[in-house]
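Let's take a walk through this model, one local feature at a time. Keep the viewer open and follow along.

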Amino acid sequence: MKLSDMFRRLYDWCIAPAHLFFILLSVLALPNVALCFTEHFSFMAGLCNVVLPVAVYWLLLTFFRWSGRAVLWMLPLMFFAAFQLVLLYLFDRSVIAVDMFLNLVTTNAGEAMELLDNLLPAVVGVVVVYVPVIALGVAAAVRKDCFCKAFVLRQRRLALYGVGAGVLCLVSCYVTDRDYRIGNHLYPVNVGYNLVLAVERNHATANYYKTSAGFSFKAHSVHSHEAAEVYVLVIGETARAMELGLYGYGRDTTPLMSREKGLTVFSSALTQSNTTHKSVPMLLSAASATDFNRIYREKGIIAAFREAGFHTVFLSNQRPNHSFIDFFGKEADEWKFIKDGLPDDSIVPDTRLLPLVEHELCRRRRKELIVLHTYGSHFNYRDRYTPDEARFKPDDKSKATYKNRSQLVNAYDNTIVATDLFLYRLIRMLRDRGVVSAMLYTSDHGENIFDDSRRRFLHASPVPTYYELHVPLMVWLSDSYRSAYPSVVSALSANCHKTVQTSESVFHTMLSLAGIATPYRVERLSVASPSYVCSPVRYLDDHNRPVDYSQLGLDYEDFVMLRRKMIIGD
C-alpha cells in the first residue's frame, strides 16, 4: 500500500464524526491524567480530577450537532491543555498558576525567546498532538459533518453517568480531605480561577498610581544632617547562596568579596517568592508574604528615602515591564533602564551600571540612595559575562538538558564570579567617596540547575525548591560608618547566623542602616537592629497567601537541603 493511501485511510478514519468525538475527548483529558502523576493528590482527589472533568467534557460535546464546531468551540480548552503540558515539562508539576499568566505580560521578548528555545521538545509535542485535531476540526466544519442522533443520545447518557460518579468523588474529597478546594485542585476549574485572579491582580497593579497617590511614610532622618552619607541597595537576579564561595561552596566563586573588610554575610537568608515580579517589589517595599496586598496602596523604599531628604537614583539592567519594579523605581529623583530602547537580543553586562554609579557619586550630594537592579545570573548564563571572564570551563553548551549540567554549572558559576567583581568594584567606588556609606546585596530568588533526581531547571515554578529559596544576603559598611555606628556593627554580627527572610527584612534593614525613622519601620525585622527576631518562615503562594513550608508542597529533597544548610531544624 502506498504511503499516500495509508495517510488517506488514516485521515478518513479520524475525521469520521464518532472517531473525532473521542479523539477530541482524549486530547482534552491529557492534562487531567498527567496531573494525577505529577501532583501530591490523594487517591480520591486524583480520581475526581479525571472522572468529573472528563465526564463534563464528554457531556458538553453531546450538545454539538456538527463535529467540526465541537472542535472549534473547544479551542480555549485545548490552548490551556497545551499550556499546561508545556509547564509540566518545564516544572515537573503544578497547574497553570496566576503567576504564569502574569509572567506572560511582564516577561520581555528576549527572555521569552531564551526560554522557548529550551522548551522546544515540549512545544513540538503539543503541536503534534493538538494541531492535527484542530486541522481535522476545520476540515469537518467545511464538510459540515454531523453526529448521528442515536450516537449523541447514547454518549450523553454515558456522560451523565460519569458526571454523577464525578460528583460523588468530589463529595468524598471534601469529606476526607479538609484542605481540598475545587479552585485549587480540580483542573481546569483551577486554571479558570487563576486566570480570573490574574486579571484582577493586573487591574489592581495598573491602578497603583491612584491607590497609592496619597500615601506618605512620614519619614525623617535621625542621623546628623551635616554628615555626608551614601547608601546602595543592590538587587541581584537568580543568584543562589550555595554557589557562592562566601557560603562554603567548593569553588572560589567570590575571591574578591571573600577578602573584603567590613562585610557581613548572612548564612540563612530565604526569599519569599521565586518570581521576579513578586520578590523584587517586596525587597523595594514594606510588603511581605504576610501582608502582600499592602503593596497596592503604599509606596516603596525609594519614596521613604526621598521623604527623609535623600537624593534617590534607580538604575536597572532589566527592561521595564509595567510592574511594581517600574513603579517603585520611577519614584526616584532619577531613574534609568539601561536596556530600554535596545534590540530585544541585546546583551548588556551589569558592569554598564558602574559608570552611571560613579557619575552620581562624583556629584557629592550630602545624602544619597542608589538602588541597582542587575541581571546577575539570569539564563542564558553565558550571556552574563565575557569570554575573557570565564573562570570555569568548558561552558559553551547552553542547551538546557541534564547531560549538559556540568557545563551549565560552569557557566552559572562564572556569572557569580562576574557578580563578585561587580560588587567589589562598587565597594571600591564607595570607599573612594570617603563618606559614611553602606551597601546591601541580595538576590530576588535562586535557580534550579538539574540538581537532583527531579531534574528541575530555571525558577518560577508554582511550587519552589530549596535551590530557589536560599539566597545570598550581605551588608558592607565603610570604616567611617563602623566608627560612627558601632551598635549597628554589633547587631549585624549578632544576627548573621539567624534565619532571615529577605522579602520582609531588606526594607526595614535599609531604613535602619540609613537612620530613617518612620511609623512603617519595624525594628524586629531589621537585621541591623539588636531587636531583630526571626519570624516564622513563610512563602508567598500563587494566590498571594502566606504559607508555612510544611504546607507549601516542598519535596523531601528540599527539606534535606534546608536542614543540611541549618536553615530549619528537624
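Start at Leu458, which is buried, with a relative accessible area of 9%; here buried means under 20% relative accessible area, exposed over 50%, and partly exposed in between, with a 1.4 Å probe and protein chains only. Its phi is near 70°, a positive value in a residue other than glycine. Leu458 sits in strand β10, residues 457-458. Helices (H or I, at least four residues) and strands (E, at least two) are DSSP runs, numbered from the N terminus.

A quick word on ground rules. This is a predicted model, so local features need pLDDT of at least 70 and side-chain atom pairs count only at pLDDT 80 or more, while totals for chains, interfaces and linings use all residues. Residues are numbered from 1 along each chain as its sequence is written, and side-chain values use heavy atoms, with hydrogens and water left out.

Most residues other than glycine have a negative phi, and most peptide bonds are trans. Thr238 is another residue other than glycine with a positive phi, near 65°. You'll find Thr238 in the loop between β2 (229-236) and β3 (263-265), and Thr238 is buried, at a relative accessible area of 0%.

As for cis peptide bonds, one joins Phe379 and Asn380, with omega about 10°. Another joins Lys393 and Pro394, with omega about 0°. Asn380 lies in the loop between β7 (367-373) and α17 (405-433), and Pro394 is placed in the loop between β7 and α17 too.

What does α2 pack against? Its buried residues pack against α1 (3-15), α3 (43-61), α4 (67-73), α5 (75-91), α8 (120-143) and α9 (149-176), where contact means heavy atoms within 4.5 Å. Among those buried residues are Leu20, Phe21, Leu24, Leu25 and Leu28, along with Ala29 and Pro31. An α-helix has 3.6 residues a turn, so residues three or four places apart point the same way.

Take the pairing of α1 with α2: they pack at an angle of about 80°, with their axes 5 Å apart. Axes are lines fitted to C-alpha atoms, for helices over the stretch in contact, and angles run from 0 to 180 degrees between N-to-C directions. That makes α1 roughly perpendicular to α2, a label used for 65 to 115 degrees. Trp13, Cys14 and Ile15 in α1 meet Pro17, His19, Leu20 and Ile23 in α2.

Two last stops. Asp541 lies in the loop between β14 (538-540) and β15 (546-548) and counts as buried at 11% relative accessibility. Leaving aside neighbours within four places in sequence, Asp541 is in contact with Lys278 and Val547. Val127, in helix α8, is partly exposed at 41% relative accessibility.

Key:
Parallel < 35°, antiparallel > 145°, perpendicular 65-115°, else oblique.
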